[in-house]
Amino acid sequence: KNSILWFNQGLYNLSLGNFEEAERLYQRGLELQPSSSALREALNDLAEAPMAQSADSIKRQLASFQTHS
């Protein structure tokens, strides 16, 4: 029931580009600990973030940036 554990797992998956898994982990953490403002904020940020694109799209953008640098 530790909200920090769910938050960290979600953040780790987010850093890997696993947006769906990050969202699932944040939601599961909120189910177990609904009072966690950190998990609620992380979930809201994920939903609103422009980085919530497909991993392929991000890789293409990065490759394009590296090519033009």
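**Exercise 1. Determine the handedness of the crossing of α2 and α3, and the relative direction of the two helices.**

Solution. Step 1: α2 passes α3 in a left-handed crossing; a crossing is left-handed if the near helix is turned anticlockwise from the far one by less than a right angle, and right-handed if clockwise. The helices are DSSP runs (H or I, at least four residues; strands are E, at least two), numbered from the N terminus. The model is predicted, so local features need pLDDT of at least 70 and side-chain atom pairs count only at pLDDT 80 or more, whereas totals for chains, interfaces and linings use all residues. Residues are numbered from 1 along each chain as its sequence is written, and side-chain values use heavy atoms, with hydrogens and water left out.

Step 2: α2 spans residues 19-32 and α3 residues 37-48; they pack at an angle of about 150°, with axes 9 Å apart. Axes are lines fitted to C-alpha atoms, for helices over the stretch in contact, and angles run from 0 to 180 degrees between N-to-C directions.

Step 3: That angle makes α2 roughly antiparallel to α3, because angles over 145 degrees count as roughly antiparallel (under 35 roughly parallel, 65 to 115 roughly perpendicular, the rest oblique).

**Exercise 2. Identify the residues that make the contact of α2 with α3, and classify them.**

Solution. Step 1: Contact means heavy atoms within 4.5 Å. On α2, the contact is made by Phe19, Ala22, Glu23, Tyr26, Gln27, Gly29 and Leu30; on α3, by Leu39, Arg40, Ala42, Leu43 and Leu46.

Step 2: These residues divide into 8 nonpolar, 2 polar and 2 charged. Ala, Val, Leu, Ile, Met, Phe, Trp, Tyr, Cys and Pro count as nonpolar, Asp, Glu, Lys and Arg as charged, and the others, Gly among them, as polar.

**Exercise 3. State how accessible Leu46 and Asn44 are.**

Solution. Step 1: Leu46 lies in α3, and Asn44 also has its place in α3.

Step 2: Leu46 has a relative accessible area of 8% and is therefore buried, whereas Asn44, at 42%, counts as partly exposed. Buried means under 20%, exposed over 50%, and partly exposed in between (1.4 Å probe, protein chains only).

Step 3: The C-alpha atoms of Leu46 and Ala22, 24 residues apart along the chain, are separated by 8.5 Å. For Asn44 and Tyr26, 18 residues apart in sequence, the C-alpha separation is 9.8 Å.

**Exercise 4. Describe the secondary structure and burial of the protein chain.**

Solution. Step 1: The chain has 4 helices and 0 strands, in the order α-α-α-α from the N terminus.

Step 2: Of its 69 residues, 26% are buried.
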